Amino acid sequence: MNYTIAALPGDGIGPEIMASGLTLLESIGKKFQHSFNVTVYPFGGAGIDETGDPIPTQTIKGCTGADAILLGAIGGPKWEQEEKTPEDGLLQLRKTLGLFSNIRPIVVSDSIAHLSPLKTERVKGTDFIVVRELTGGLYFGQPKHWNDDEATDTLFYKKSEIERIVRQAFELAMTRKKKMTSVDKANVLASSKLWRKTVNELAASYPEVTVDHLYVDAASMKLIQNPTAFDVIVTENMFGDILSDEASVITGSLGMLPSGSHAISGPSLYEPIHGSAPDIAGKNMANPMSMILSVAMMLRQSFNLNEEAQALEEAAKQAMDADYLTADLGGTTTTTAFTEQVKAILEN
Ligand code: NAD
Ligand code: IPM
Ligand code: MN
């Protein structure tokens, strides 16, 4: 089969991990005889440097016309003062493509459980998914402005926006352990009161799914205290952003976590949950697992290539099990050496 992919390497470690992901995608293509037609587009700080805009018109066009989109990471100190920042570009891309459903899986296989800073017996068996609403809430609500004296952000949700993401989470829970935790701040926030009411209404259509509600402050504690208790977590944009970075530590590193973002129709976007890591950029130190697992998510969720996705995940796991570990996990393996190792396993 032929697949068209828009690749947006972005900034900082973005291009380094993208190179890793694309190298291994090519190996998968060879092994399983697929042709992945990848076109690279400028985005984020790289977009500003090349065209003055973090999301150039050619990039939007390339993304909307693709079967799937791969993104490295964007942002960095160089572009913080721009009128339109790389982060603005990322939000615009998500909004333009209608990518409201952001899936962030957190899985700890037994063989890597010792890499977590948490006690091994606590993290063993962790396997949950954060379903993060991605195109609403504080990120997009109007009014939004600031000056030297005052600043405003608006936490706005329409009921229909809550319904569609919560329904996604219920559907996902039905394919798993049928347990859903909705995270909100309904003791304080109006938007959370509507969120909780909507979850309870929809629960009637999914009687097999056990639903519980947690306030976000308690949820952040329980995630670390007892991560194996969770199956599907559904939450609004900002809470999902924060909780998923926290959850990444259960696996040992932020550099381990992939994500997939989906719209009602049109291409999905796959990206690590982390940022451009300016502190380690250009040093060949980044952990490419987040990108490799994002490529696997793309193969499975956009192309239905389950065997191919599994082969890639298995090869990466084997490399880690053989102690090829990047610095974030306490090892000395470089980004390129890890990639070469996974490639060798795949092509063996
Ligand atoms: P960050 O996620 O870039 O880095 C946080 C810490 O995690 C750093 O110490 C970094 O070295 C480490 N880290 C992250 N990814 C890693 C990897 N693959 N391997 C090893 N270590 C890794 O967050 P930050 O420093 O707060 O933000 C830096 C920039 O990235 C900012 O401009 C921010 O807005 C942007 N950002 C972009 C995205 C995105 O592109 N989706 C996500 C988050 C942050
Ligand atoms: C993420 C990032 C983005 C977000 C930023 C860079 C806009 O932190 O993808 O998690 O907050 O959504
Ligand atoms: Mn984030």
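Tutor: Let's begin with Q33, which sits in the loop between helix 1 and strand 2 (35–40); helices (H or I, at least four residues) and strands (E, at least two) are DSSP runs numbered from the N terminus. This is a predicted model, in which local features need pLDDT of at least 70 and side-chain atom pairs count only at pLDDT 80 or more, while totals for chains, interfaces and linings use all residues. Residues are numbered from 1 along each chain as its sequence is written, chains are lettered from A and ligands numbered from 1 in the order in which they are written, and side-chain values use heavy atoms, with hydrogens and water left out.

Student: OK, and what is the phi of Q33?

Tutor: Q33 has a positive phi of about 55°, although Q33 is not a glycine.

Student: Which residues does a cis peptide bond join?

Tutor: Q142 and P143 are joined by a cis peptide bond, with omega at about 0°, and P143 belongs to strand 6 (residues 141–146).

Student: Switching to helices, how do helix 1 and helix 12 cross?

Tutor: The axes of helix 1 and helix 12 (residues 335–347) come within 10 Å and cross at roughly 10°, where axes are lines fitted to C-alpha atoms, for helices over the stretch in contact, and angles run from 0 to 180 degrees between N-to-C directions. Helix 1 is therefore roughly parallel to helix 12, since angles under 35 degrees count as roughly parallel, over 145 as roughly antiparallel, 65 to 115 as roughly perpendicular and the rest as oblique.

Student: Which residues make that contact?

Tutor: On the helix 1 side they are E16, S20, T23, L24, S27, I28, K30 and K31, and on the helix 12 side T335, T339, V342, K343, L346 and E347, with contact meaning heavy atoms within 4.5 Å. This contact has four nonpolar, five polar and five charged residues, where Ala, Val, Leu, Ile, Met, Phe, Trp, Tyr, Cys and Pro count as nonpolar, Asp, Glu, Lys and Arg as charged, and the others, Gly among them, as polar.

Student: And how does helix 1 cross helix 11?

Tutor: Helix 1 (residues 14–32) and helix 11 (residues 306–321) have axes that come within 11 Å and cross at roughly 130°, so the two helices are oblique to each other. L24, I28 and F32 of helix 1 meet E307, E308, A311 and L312 of helix 11, and by class this contact has five nonpolar, no polar and two charged residues.

Student: What about helix 3 and helix 4?

Tutor: The axes of helix 3 (residues 57–64) and helix 4 (residues 86–97) come within 11 Å and cross at roughly 40°, and these helices are therefore oblique to each other. I60, C63 and T64 from helix 3 meet Q92, L93, T96 and L97 from helix 4, in a contact with four nonpolar, three polar and no charged residues.

Student: New topic: what volume does the largest pocket have?

Tutor: The largest pocket has a volume of about 680 Å³. On a 1 Å grid over the protein atoms alone, a cavity is a set of points where a 1.4 Å probe fits but cannot get out, a pocket is an open set with protein on both sides within 12 Å along at least five of seven lines, and lining residues have an atom within 4 Å of a point. Grid points are joined across faces, edges and corners, and a volume is the space filled by probe spheres set on the points.

Student: Which lining residues are closest to the centre of the largest pocket?

Tutor: Of the 26 residues that line the largest pocket, P105, V107, L293, R300 and E313 are the closest to its centre. Strand 4 (101–107), strand 5 (127–133), helix 10 (289–301) and helix 11 each supply at least two lining residues, and the lining as a whole has 15 nonpolar, five polar and six charged residues.

Student: How many cavities of 30 Å³ or more are there?

Tutor: The count comes to two cavities of 30 Å³ or more, and the largest cavity holds about 50 Å³ of space. Its lining consists of L155, Y157, V183, D184, L189, S191, S192, W195, T235, E236 and F239, and helix 7 gives the largest share, three residues.

Student: And what lines the second largest cavity?

Tutor: N287, P288, M289, M320, Y324, L325, T326, L329 and F338 line the second largest cavity, whose volume is about 30 Å³. By class, that lining has seven nonpolar, two polar and no charged residues.
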